[in-house]
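Please open the structure in your viewer and keep the selection panel at hand. The stops below can be followed in order.

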Amino acid sequence: MWWGYSKPLDLQVEMTQREGSVLDSLEVLIVGSGDARHIVKTLASSYTHPDRTITYHVIEPTLEQVARSILLLSLCLEKDLGLQEATRYYLEILGNTLLRPSTAKYLARCAKQLIDIPTQTIDCPWLMLEKFKHKDRDNLETIFKFWARATREGVPIVNYWDRRIRKLLKTRYDYREGVFDFDYYMILKPRCITNLTIQEYRFWRNNGIAFTWLEGEPVRDNPTLLNNIIQYGPGFLHYAYLGDIVNGPFFTWATVEKNEEKLRATDIAEREVMRVIHEIRTKEPLYEGHVGAHRDASILNGIIVSQMPDMEMENESWIDTREQDKKISWVEVPNHKIIFHPVTSLESLKSKCEYVNRFHLIWVAHNMTKQLANLIPLASTGAPVIVELRKHMADLREEDLQNFTKELKDIAQENGLRPLYDFDSNKHTFARFCKD
């Protein structure tokens with residue numbers, strides 16, 4: 001639930017030209033993407049397209065996912081971070097249960113500042129939360145407060161992770177390395193062209209750390225991966241980790257068209273995230289030699305981290321005695337607006353005249369396909385509808401993917417969507433439709 005299972009798309013490329021002309025204003029609906037990758041990619045590539053206004057309407061199932069998307073977007077747009085610094089912060093917060101101390105300190109500081117966004121005490125020109133009720137905005141504020149406190153005091157997220165693994169594998173827990181190897185070699189490897197190594201995948205399956213570098217040890221807990229956060233008196237209550245423990249966050253930024261020798265999934269993801277952050281800031285392509293230029297070439301690629309850090313270091317807490325840092329300064333993106341809608345909008349928007357036939361593109365996550373009947377009335381005639389498939393999900397076998405493909409085709413046919421090609425979840429990452 002914390003990340004998607006498909007690469008980020010430049011949504012402007014996906015748009016169809018209507019009546020032979022380029023639209024000056026585009027409205028897109030993104031449902032259940034799990035992170036902000038499509039918005040980040042579209043923002044980064046906007047300098048390669050004609051100037052136009054783009055409004056992103058986003059629906060996520062939980063407020064924690066909304067908060068994480070705001071955090072990741074803020075990170076990409078923040079002016080005062082170094083390029084490599086911002087890149088690694090992004091990847092660690094996205095997909096690691098444990099963070100390096102520098103990342104944890106950034107998260108605590110940023111969460112404290114983001115508290116002011118739901119309360120509208122600071123102006124965030126690229127974001128709109130007015131569609132949420134006051135209760136939801138209060139809950140968002142609670143989530144940011146919890147992150148700021150839990151990052152400093154620590155939460156036993158590695159124990160939560162291990163508890164999930166034990167519950168999933170049961171009697172096979174003692175032989176979990178064999179289970180992880182089977183999922184990698186027999187399922188993911190034949191399906192996906194990827195630089196994901198068995199060591200990276202096995203390390204993530206064991207402890208939830210996906211992206212690693214030699215420089216710095218991940219020892220602080222990542223509270224953004226916890227669920228159902230509520231305020232209880234002076235403290236907070238939360239559920240343990242309920243996210244993905246089988247597939248991993250590798251199939252977002254680390255997806256490649258062909259294998260590149262000596263590059264890990266971490267190296268690919270670092271390069272791609274660095275590229276989009278650079279393009280957002282400069283509106284220029286990233287010079288390839290800049291990636292990794294700060295490091296010795298002999299340790300740039302192929303380094304595998306396979307040992308957990310000292311657990312006593314992980315549980316140390318600190319007290320933030322510093323005064324409130326200066327406010328976040330964001331890169332200006334005047335032609336882009338991000339509007340978050342509550343999850344109840346999945347059923348209510350089709351009843352509102354202003355949203356019927358409104359969107360020029362709709363993107364739908366693999367676990368939201370049953371909502372297509374509610375979403376299709378919102379698409380304008382001829383608009384593309386992109387549905388994420390389940391190719392990169394190791395917990396599904398071939399027959400499961402075939403059943404999903406058949407079910408999706410039936411839903412599309414019932415609701416007037418025309419497939420643009422004959423898709424198969426075993427082979428394709430996306431199904432693309434057009435509303436007739």
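The tour goes from salt bridges to a pair of packed helices and then to one further helix.

This is a predicted model, in which local features need pLDDT of at least 70 and side-chain atom pairs count only at pLDDT 80 or more, while totals for chains, interfaces and linings use all residues. Residues are numbered from 1 along each chain as its sequence is written, and side-chain values use heavy atoms, with hydrogens and water left out.

**Stop one: salt bridges**

A salt bridge here is a side-chain nitrogen of Lys or Arg within 4 Å of a carboxyl oxygen of Asp or Glu, and a search of the whole structure finds 20 of them. Helices and strands, which give several of the landmarks, are DSSP runs numbered from the N terminus, with helices being H or I of at least four residues and strands E of at least two.

Select Glu78 and Arg109, whose side chains meet in a salt bridge at 3.7 Å, N to O. Glu78 lies in the loop between α3 (63–77) and α4 (83–95), and Arg109 in helix α5 (residues 101–114), so the pair ties together parts that are 31 residues apart in sequence. With a relative accessibility of 2%, Glu78 counts as buried; buried means under 20% relative accessible area, exposed means over 50%, and partly exposed is in between, using a 1.4 Å probe and protein chains only.

Next select Glu141 and Lys145, which form a salt bridge through their side chains at 3.4 Å, N to O. Both residues lie in helix α6 (residues 134–153), four residues apart, about one turn of the helix. Glu141 is buried, at 16% relative accessible area, whereas Lys145 is partly exposed, at 32%.

Then move to Asp422 and Lys409, where the closest N and O atoms of the salt bridge are 2.7 Å apart. Asp422 sits in the loop between β11 (417–419) and β12 (430–435) and Lys409 in helix α15 (residues 398–414), so this pair ties together parts that are 13 residues apart in sequence. Asp422 is exposed, at 62% relative accessibility, and Lys409 is partly exposed, at 32%.

To finish this stop, select Asp35, Arg37 and Glu388, which are linked in a network of salt bridges.

**Stop two: α3 against α6**

Show α3 and α6 together: they pack at an angle of about 65°, with their axes 10 Å apart. The axes are lines fitted to C-alpha atoms, for helices over the stretch in contact, and angles run from 0 to 180 degrees between N-to-C directions.

Which residues of α3 meet α6? Those in α3 are Leu63, Glu64, Val66, Ala67, Arg68, Ile70 and Leu71, and they meet partners in α6 that include Phe144 and Trp147, contact meaning heavy atoms within 4.5 Å.

**Stop three: helix α9**

Select helix α9 (residues 198–207), which is mostly covered, with seven of its 10 residues buried. The buried residues are Ile198, Glu200, Tyr201, Phe203, Trp204, Arg205 and Asn207, and what covers them includes α4, α7 (157–169), α8 (176–191), α10 (250–253) and α11 (265–282).

Within this helix, pick out Phe203, which has a relative accessible area of 8%.
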